[in-house]
Amino acid sequence: MSPSVPLQEMIRAIRSARTQCEERGVIQRECAAIRAQFRQSDNGGRSHNLAKLLYVHMLGYPAHFGQMECVRMIASPRYSEKRVGYLGAMMLLDEKQDASLLITNSIKNDLSHSNQYVQSLALCTLACMGSAEMCRDLAPEIDRLLRASNSYIKKKAALCAVHIVRKVQDLGELFAPAARSLLSEKNHGVLHGAVVLITELCVRSPETLERFRKTVPDLVQIMKGLVISGYSPEHDVAGISDPFLQVRILRLLRILGRNNEGASDAMNDLLAQVATNTDSTKTVGNAVLYETVLTVLDIKSESGLRVLAVNILGRFLLNNDRNIRYIAMISLQKIVGTDHNAVQRHRGTIVDCLKDQDASVKRRALDLSLALVSASNIRSMMKELLIFLSSCPPELRAQAASGIFNAAERYAPSQRWHIDTILHVLTTAGGDVRDETVPNLIQLITTASELHCYTVHKLYRALLTDISQQSLVQVACWCIGEYGDLLLRGDCQETEPVQVSEDDVLDALETVLQSHMSSPATRGFALTATMKLSTRINDNVDRIRSIVSIYGSCIDVELQQRAVEYNALFKKYDHMRAAVLERMPVIEKNSPGHTNGEPAGESIKEIQAPKVKQGELPQQPAKQVCDLLDLLGGSEETLQPSPAVGGTAAGLTTNTASSAGGDLLDLLGGLEPVPLAPAPTVSVYDKDGVTLTLSCEKQSDSGLTVTLTASNSTDSDISSFTLQAAVPKSVQLHMKAPSGDSLPARGAAKVTQMVVLNNPNKVNLKMRVRISYSSQGSAFQDTVQIDSFPGLSAAGH
């Protein structure tokens, strides 16, 4: 192939290569020829060679040696060369390369060119790869072109201004007046560019946003003209007049109407008109309707309009296009907390989406179905969710089980229903539940004392049916160990009477112990249950002793330790076995501020030193001090109590003799505990009955522990309470687990959240906290900025 072949011939030669090695050879020969021609001073085929080089670049081969040729061709007076040069600059140059600065002057000259197509080339190149420095230098030229009379140039200039605002946000003020005047244009291309530019300006500047809220009536008029206009072949797409411009205007209206009642009221009628008059049978119409729905839900719209928007999303759920069903469920998920009743009307359609073949649609339908569960529909919704759980994909099983557990815990109509539901989940998806499921179910069973007989019978039958579900087997073993006497009695009124013998129960537990499917934790449950049965049965104690003794030499250390300790109960401590293995008391859940069922404040009382009467010493301290003095030098001096003994053991003093013992005691006497002043607490948030306080404790030179405490003074309980924190990038943040996620009414309990901060660079510390919670079926969210952290200097001393 000769160096002078046309572009088409080079493409044909490359495509005909049978191997990659042959392709590389063709491209290397052609690149060498292009380099040689670039070195010639009078090269008439420069644009031809650069076009071939751009094709090579598109294939992924190096083409950087053509960058300077692009710069030279941009400066050429010929339009054909200038066009290829600008194209090469957009492909081969970017803002990180110094060569891009060389074309700044050429772009500036071409922006003032008399030919609109040359101006267009310069605008496109600047919008594609203009750096921040280029944007600052050329911004006045772009502002001048925004006021030009040529619509073709104004459209290109508006889109170029968008790129400049994204690169240099401070230049937004320069383009704001021109952008406002472009809304009076009739050309749809110019209008589209103006709306995109105004949207970018409003997103990046709150002051500009307030200024452009005055343009809402103008935007409403433009949108009405598009909705009610007749057929226009230039802008019509599937019966919708310029849907691209409609979508852009709706997005801008959404930004302008957010958190502003005046602007929202001005666009309510227009949104209702668009929602009712747009054809939903075509994809184009659905795109406009979807943007309309998002705008209605994001602004302060009327309640009737919000219901209309939810109904549109409900129609989307019936669409054959899975993409439309997917975005409908995403939108409904966002508003289910605020418009719960409106979304509930489409519950049947949402539940039907659980049967969809598409995994993404199915996942979103599951999220939405779980969010729709309430006290009034818990039985019907749970029935559908349990059916879904039995056939759902493995990747959704854990999420479905977790959601069912949470819903059952919040809205269970009765304890028996709650237990039956959890057991159904464990039977179906026991291997996919979270680790805390077993202790939570055990706690639930212990509190339902009237259902102990029913539960142990049901779990025993489940154990005989399937021992592969480890969570179910663990709960069953625990219940058999605790309530085995009720199982053997066989007179349960809740279920059909089944006669179970002692051998049957022990056979079932031995099966679990010997099964290869049982995990070490499950074997531990089974061994403990077997041991507990030794005090609940009469005739098979020797068999239990032999079972336990076998595992005294088990390879699993945990199981071996249990067996050895249980063997000790049979031998040395047999008189204590009945007391040690008696039935567990009712397990209470830890509430916020409590530990193991006891108030956290009582732990302080337990570690206080015992008080003694004045003039008396405890029984042994004198002897202990003498022993200590003896170690130091064999002193046999008798210690006498001082007549002014303090009220606690820490306040003991002795006769200050000039001896080593006296000096030592004097040193020890100075170690009296000094009570620390509590860290100062300030209120950082108080709104709608929810209060958030903050206290700080400095851990090191750069470490800080922040404790956030939330309380609820309203008359209704708050659930799903979460705190999220954000700090500057140079600060490391670690949020520990909160004490709970619910705030009872009237301040009955509080939620605390500890946040550990590390500020190695000593930057000005700030923290933004997002507060989210649900109350009376509605979701609330707010943000608070914390700029000062009290007590840091005091805590550091």
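Author: Let's start with a definition: two strands pair if DSSP finds at least two bridges between them. Keep in mind that this is a predicted model.

Reader: Got it. How many strands form the open sheet, and in what order?

Author: In general, strands of a sheet pair through backbone hydrogen bonds, either parallel or antiparallel. Here 5 strands line up as S5-S6-S7-S10-S9, with antiparallel pairing. Strands S5 (681-687) and S9 (732-735) stand at the edges with a single partner each, so one side of each has no neighbour in the sheet. On average, neighbouring strands are turned by 20° against each other, direction ignored.

Reader: Which residue in S10 is the bridge partner of threonine 707?

Author: That's methionine 754. Strand S7 (residues 703-712) and strand S10 (residues 751-758) pair over 8 bridges.

Reader: On to salt bridges. How far apart are the closest N and O atoms of aspartate 485 and arginine 583?

Author: A salt bridge needs a side-chain nitrogen of Lys or Arg within 4 Å of a carboxyl oxygen of Asp or Glu. In this pair the closest N and O atoms are 2.9 Å apart. The two residues are 98 residues apart in the chain, with aspartate 485 in helix H27 (residues 470-489) and arginine 583 in the loop between helix H32 (577-580) and strand S3 (594-595).

Reader: And is glutamate 81 buried or exposed?

Author: Buried means under 20% relative accessible area. Glutamate 81 has 5%, so it counts as buried. Its salt-bridge partner is arginine 78, which is partly exposed at 49%.

Technical notes. Residues numbered from 1 in each chain as written. Predicted model: local features only at pLDDT ≥ 70, side-chain atom pairs only at ≥ 80, totals over all residues. Heavy atoms only, no water. Helix = DSSP H or I, 4+ residues; strand = E, 2+ residues; numbered from the N terminus. Axes fitted to C-alpha atoms, helices over the stretch in contact; angles between N-to-C directions. Buried < 20%, exposed > 50% of the residue type's maximum accessible area, 1.4 Å probe, protein only.
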